[in-house]
Amino acid sequence: MSFSNLGLSAEIVQAVAAKGYTEPTPIQLQAIPVILAGGDLLGAAQTGTGKTAGFTLPILQRLSTTVAPHKAAVNRWPIRALILTPTRELAAQVEDSVQEYGKYVNLNSMTIFGGVNITPQIRRLKSRVDILVATPGRLLDHVQQRTVDLSHIEILVLDEADRMLDMGFIRDIRRILALLPKQRQNLLFSATFSNEIKSLAATLLNNPAVVEVARRNTSAELIEQQVYRVARTQKSALLTHLIQQHNWYQVLVFTRTKHGADRLAKHLLQNEISALAIHGNKSQSVRTKTLAKFKEGGVQVLVATDIAARGIDINDLPQVVNFELPDVPEDYVHRIGRTGRAGSSGGAMSLVCEEEVRLLKAIERLIQRTLPQEIIKGFEPDPNEAPEPDRRNQGRPPRGQQQRRSDSRDSRPSSRPSTGGRPSAPSRSSSSRRSP
Ligand code: AMP
């Protein structure tokens, strides 16, 4: 099946060909016809499945082949599609895709996210914007300042909806929904299906087609996964050893904390491995520059926290390392999804110390697989290891120290569900059906 057989126009097929895609991914095969036909869609898919093109291509097609119905009435260009994302990185990436796939059609797009000056966004919003990609918080700032008009939205996308809820955006989302016209197409993408997502989908979507693709990474066909059992104090030395031994040239390393990311990047630099850290304490422009440098191959190791890495899209990333395992097992799947994307192979290594063994077990339960373990001589685990300082006091901080968690995880939610839901049919490679 080719992209043109899916009903996409020559201009869009040409842009896809320019990206080098030869055939649609399973989510694209299923989602594109549904969206082209104007129906609502519930997509069970995570980053790495090609979902962005799955919704972007048909949106571009629909908007470029129909006239904005309100244009005459409002006498200015209405915003016709709104794509909400949980993070600024993902917003920027999605808009990049919109631009690339839409380079042969006459549509304009822009991103709106916080952490940067609002004035240029206000200025840009005065000109033609057909497709707006936004994070909820900053979008509501614009709503409050009356610098954005959402009353002509024809298509709404909630991308990584589970992440948005995890990050506490549900009220913002509901406020935004209230500003949209009732008559519109709704597309909701989520990797997991908690009760909260289900209830959002129930109120938002109208007789949606349900499109599911298997959690690519749990099958681990493409991703080689390996656990190294090691003493916590030896992790930095082991990582240095592995990078040097394997000559890894582009490694994404995950740490749990912002300061941990900085410390590790510093350690690697001291060992003559070029490394940069990316996390929530860095300004948006620094994060964007760091990411670009890593993508270009200008830096060997990018050390990131989960929040900062969310949505990072790097093709053919050969190596992901979990310097520390995530507290939430689902994050493991998201992390390793950064490698071996859309057909290329990759490796995911986890450095696991004694006190992380329970986290490892939870991950193995989730992915329904026992991961191979190895101990490297000279970097053995320490059975008598003291609990990690960061976690020692978790749950019951000593008096007067409740505010002192500056080295906290780079994430907001504390109420986050530890298991989340899972797509209901992970074993099938793909399926498409109308919900009852
Ligand atoms: P996404 O799931 O949207 O983050 O996409 C994952 C990666 O797959 C991105 O780097 C896309 O550029 C790439 N991609 C999307 N569609 C295709 C396709 N049909 N063939 C090959 N690569 C693709």
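**A walk through the predicted chain**

E160 has its place in the loop between β5 and α8 (161–166), where helices (H or I, at least four residues) and strands (E, at least two) are DSSP runs, numbered from the N terminus. The model is a predicted one, in which local features need pLDDT of at least 70 and side-chain atom pairs count only at pLDDT 80 or more, while totals for chains, interfaces and linings use all residues. Residues are numbered from 1 along each chain as its sequence is written, and side-chain values use heavy atoms, with hydrogens and water left out.

Most residues other than glycine have a negative phi. The phi of E160, however, is near 50°, a positive value in a residue other than glycine. With a relative accessibility of 5%, E160 counts as buried, a term that means under 20% relative accessible area, whereas exposed means over 50% and partly exposed lies in between (1.4 Å probe, protein chains only). R146, in the loop between α7 (136–144) and β5 (155–158), also has a positive phi, near 55°, but R146 is exposed, with a relative accessible area of 76%.

For the chain as a whole, the count is 18 helices and 15 strands, and 57% of the 436 residues count as buried. Taking contact to mean heavy atoms within 4.5 Å, among contacts in the chain between residues at least 6 apart in sequence, 77% join residues at least 24 apart.

Helix α12 (residues 235–246) can be checked for its length: its twelve residues should span 16 Å at 1.5 Å a residue, and the end C-alpha atoms are 16 Å apart, which agrees; the expected span is 1.5 Å times one less than the number of residues. K235, L238, L239, T240, L242 and I243 are the buried residues of α12.

Helix α3 (residues 51–65) packs against helix α5 (residues 88–101) at an angle of about 45°, with the axes 10 Å apart. That makes α3 oblique to α5, since angles under 35 degrees count as roughly parallel, over 145 as roughly antiparallel, 65 to 115 as roughly perpendicular and the rest as oblique. The crossing of α3 and α5 is right-handed, which is to say that the near helix is turned clockwise from the far one by less than a right angle, anticlockwise being left-handed. On the α3 side T52, A53, F55, T56, L57 and L60 meet V94, S97, V98 and Y101 in α5. This contact of α3 with α5 has seven nonpolar, three polar and no charged residues, where Ala, Val, Leu, Ile, Met, Phe, Trp, Tyr, Cys and Pro count as nonpolar, Asp, Glu, Lys and Arg as charged, and the others, Gly among them, as polar.

Helix α7 also meets a partner obliquely, for the axes of α7 and α9 come within 9 Å and cross at roughly 45°, and the two helices are therefore oblique to each other. α7 passes α9 in a left-handed crossing, with P136, G137, L139 and L140 in α7 meeting D172, R175 and I176 in α9.

Helix α9 (residues 170–177) and helix α10 (residues 195–204) have axes that come within 13 Å and cross at roughly 0°, and are therefore roughly parallel to each other.

How values were computed. Axes are lines fitted to C-alpha atoms, for helices over the stretch in contact, and angles run from 0 to 180 degrees between N-to-C directions.
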